[in-house]
Each structure stands twice: as C-alpha cells, then as structure tokens.
Amino acid sequence: MTIDRQTLRWNGWGPVKQPNPLPADAPQWGWIEETLGMSRLPLTPAVPLPDIRLPHGRIAEATQEKLRAIVGDNQFRIDDYERAFHARGKSYHDLLYLRAGKLDMAPDAVIYPRGPEEVLAIVKLCAEEGIALIPYGGGSSVVGGVNAVSKTLGGAILTLDTTLMTRIIQIDKVSMTARIEAGIYGPALEEQLQAHGVTLGHYPQSFEYSTLGGWIAARGAGQQSNRYGKAEKWLVSAKLATPKGFWTTEATPASAAGPNLNQLVAGSEGTLGVICEATVKIHDLPERKDYRGYLFKNFAAGVEAARRINHAEIPVAMVRLSDAPETHFFQTFSSTGSGGLKARLQRAYLKMKGFDDAPCLMLVGHEGEKDTVIWAQEQTEGVCKRLGALALGTGPGKRWHHGRFNGPAIRDPMMDRGVGVDTLETSTRWSNIANLHEKVVAAISGAIDANMPEQNAHGIVMAHVSHSYPDGASLYFTFVFPRQLDREIVQWQAIKRAASDALLMNGGTISHHHGVGTDHVPWLAEEKGEIGMSLLKAAKREMDPKGVMNPGKLFA
C-alpha cells in the first residue's frame, strides 16, 4: 500500500483534504492572541504552487534517458508537484521556505525505484555522473534531513523516493524477526505485521507519514520505546545500495567480531547509501494495553517518579511527563470554548488536594500480557503516589492515545495566522535533567523575547520527558511564538542557535531522535569530538568517494 503524493500537502502536514483542526471561528484563536500578547493575529497564507516558478532542471537529457531506462517512464518525474513535494522536509524552518514559494532547493527530478537492483543502478549512475542523490521516504524530517542540497554549487540533484518498495519479505515467528523493504509507511507495516499476530511497536508522532527506512536512517524513537526500543535497538540487519555496491550488515543476535556495523547504518541519514531492506525485531501483539494519567505537584517530583520507575525495572511501554507550562497549555487549549464551570471545579478540587496552579501531567503506558500489565500498573501507581501524585485513571491516557498523531496538523493553521511553532529534543543523565531543562527553556525564551514583532508580544516555551532509560531521559521542547514576518528566517536561526548552544553547554545531546540533517551540522563536531568526526568522515570517503549521497547532511 502506497500513498499517492497528490493527496498530500506539499507545503504542510498530512492530506490535502484533512479537516482544519483550527477553523477561523475556533475559540482557541482569541486565547492564542491573548496568550502571545498580540494586538492581532495577521493572515499569512501560503503561496499556491501555480504562482511559483521552479528552477530549470539541470539533469542532462541523455542522463534522464538512462534513468528512465532503469525504472520506466512513469517512475521518473520532472513535474512541478513532484519536485515541490520533495524539495524539503516538514520542519518549521522548511515550511517557512515552502509556504513563501522559495523553491530554489527543489530537486531536478524524482525517481521511484521498485526494488534494490533498481536502487543500486540509480546510485551507481549518480556516482558516475556526479549527481547529488537524496534518499526520501515519507519526507517527515524536521532537521533538514531530506532537503535537496546539491553536491556542488549549481549541481544536479535527483531525489530517490523509496515508497514503491513496500514488501514484507519474511516473517520469522521462531526468531521473532521480520525482513521488510524500507519504503513501507508505518500504517501499512503494522497492518501487515498484525495480520500475523505480531508488531514492531514503533509509533513516532510521524507514524502515519514516515517509513521504515527513514526511522532507521534518523535513529528514530517511537512513543513506546521503553518497551520496544529505539531504531538502533530493534534493527537486526540492513541492506544498503551504495556507490561501492550492495552492503548487507551482520544479522546474528550477538557478535564479538569487531564493532557492530548496524550502529553505523542507524543514524547514517542516507550519507553512506540507500537503505533498501531491513531485518527488525518483532513482538507478539500485546494482550492488554493500559494508559493512565498522574498529576504531580511539580516537575521535579514527576522526574523522580520516572527515574524510580526505570530503576525499579517496572516494564512500562511509555513514561511521558509534561512540565507545568505544557500541562497548562494543552489543558487550556483543549478546553477553551467548552465553558468555564468544569475548569473552575477542577481547580478547586486540586487546590483542596494541595496542588497549586502549576501541576505536571504524567502519562504512563503498559503493554503486554494481562497479568504483567496489571502488576506493572500497580507498581507504577505506588511509585507515583509515594511522591504525592494524584491518580487520574485511564481517561487522560485514552485521550492522548486517540490523538497521539494529530499534533503536527495544528501547526499549519497557526502558520496561516502569523504564529510560529517549532520543536527540538535532547537527552541527558537523570542528575542533569533539572539543570538542562531550566537552561534550555531560558535560552529559548530569551531568544524569542529578543526577536519579537511587537513590544508586548512574547512566546510560550514548554517541555516534556518523552523517553526514559536507567541512566537518563529525553527532554522534548515545544515553543510557540509570534513570527517576525519581515525576518522570520533570521528569527528562527537566532532561536535555534541559542537553544542548540544551551544543549551542548549543559550536558545534552544535539538530538535524541530527530537526527542531524542540515540543521544540527554546526554542533555535531563539538559533540563527537575531532577523532570521532574523523572516523565518520573516513567511512563517508570510503563508501561514497564522489560525495553524491545526501550532501550537506551530517557533514559540513
């Protein structure tokens, strides 16, 4: 099952015909305007594609004929829609360019191979002719990971779309592994696996519009990674088409035969080759799922609960803890316009229970065999209550689970009204969570305040613990702010620079699961160190001596 690109937004998230989650008469607009301190929210619609002139194609006609000979006429595309759709990913930064009609970065053509042999032929032809080749799955990167960057100034660019490669080749229910082509989207992958009673269990927020190959290439994480693992944990083996030929990594469950090269593939972001197939770990479908909410009096208590849950080795699928601003934002956003009596009663009840106006919501998920889930839920609730949490039952968990993929769709209507929405994420050890959270929030807030379109305007900065481990956790930051419409790229760069500097200065990684792409390249060398970068560059030179594979990503 593939998705027709014409049904998707080329300059936004999701289907063209999806309902607008924030129509013009939505009551949330008044609250957003007031909260951001704006005198009014301007209308800032996107430029329609027919009004945009794309750059002239730079792939020679003779080369185009060679590419058509590999895949057929219908799988080689040079029309404006395909080029625009594949120009960039889905970050706020990308959408600023796309919505403004700035498509100088569009690929010269898009090609859709149907299997590894066609991919290899394309890779080798691009290497021979010096054409930049951009591997592209769902295109959901939010760090510039699929942007059409040329190898040299003015050089030709070809985007290779993997989404016709969707077969589940083999399911081994004895070893509990599956061999799958890399272009399959999340829903199709799970539909086919679950028909056999198994699951990969990888559900990122981009699940509906991202692919297996993209998850591996970006070293991604699903919302239930506590149970099912990040991509580098569930990856068993990969087959890549590289300029040197096919490369298949080792597939044994454990080995001491030197470093495990699967760890080089996970996070390689298309710079070494195109991931064509992957063997992954699978699990029996859980007999029971239980998602619940707990309200803590402060962020520190919630963090301590998450740490204790991990250290007690309670089998959780997810521990997600929102700080006070995020808890307030989503509670108010969802309840605006529904009447104030319920909210007043809730506040009165919480005050009676000793909660002030800044509680923090934790969502905990358990999945597995019924008896294990019941036991784990009881243990989790005990940890939370000992730290003063109020148990909210399954209602918050069910509401979150129902809308867990909907967040990105809200950004498009906000951008139609002059509002910026962006995210970034990191991870650090437990003993540094509070410090890193404080410093990054301050850095983002300071940069937003220094780049405001109006005197009294201000932004909102919020965060949550999204994934957790025995030694630490990931922090995921979201910030909403009024755009400086005459300098919105410069505004974003200032915020991004301040946040990224704060991450590395205070013991965080530049990315926990979004990847490096182009956006994080300036900070990668500081994190990896001189020797580490020299090793990565040596692998790049060996695998891709002409430098055609996804230029500009990982390496400056």
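Helices H4 and H16 cross in a right-handed sense. To see this in the predicted model, select residues 92-99 for H4 and residues 407-415 for H16; their axes come within 12 Å and cross at roughly 45°.

Now show the side chains where the two helices meet. On the H4 side, select Tyr92, Leu95, Leu96 and Arg99; on the H16 side, select Arg411, Asp412 and Met415. Coloured by class, this contact has four nonpolar residues, three charged ones and no polar ones.

Next, go to the sheet. Seven strands form an open sheet with antiparallel pairing, in the order S15-S12-S14-S13-S17-S18-S16. Which strands are at the edges? Select 390-393 for S15 and 419-429 for S16: each of these edge strands pairs on one side only. Across the sheet, neighbouring strands are turned by 20° against each other on average, direction ignored.

Within the sheet, select residues 460-468 and 472-482. These are S17 and S18, an antiparallel pair joined over seven bridges.

The last stop is helix H17, residues 433-449. What does H17 touch in the sheet? This helix packs on the sheet and touches S16, S17 and S18. Compare the direction of H17 with that of S18: the two make an angle of about 15°.

Key:
Residues are numbered from 1 along each chain as its sequence is written. This is a predicted model: local features need pLDDT of at least 70, side-chain atom pairs count only at pLDDT 80 or more; totals for chains, interfaces and linings use all residues. Side-chain values use heavy atoms; hydrogens and water are left out. Two strands pair if DSSP finds at least two bridges between them. Helices (H or I, at least four residues) and strands (E, at least two) are DSSP runs, numbered from the N terminus. Axes are lines fitted to C-alpha atoms, for helices over the stretch in contact, and angles run from 0 to 180 degrees between N-to-C directions. Contact means heavy atoms within 4.5 Å. A crossing is left-handed if the near helix is turned anticlockwise from the far one by less than a right angle, and right-handed if clockwise. Ala, Val, Leu, Ile, Met, Phe, Trp, Tyr, Cys and Pro count as nonpolar, Asp, Glu, Lys and Arg as charged, and the others, Gly among them, as polar.
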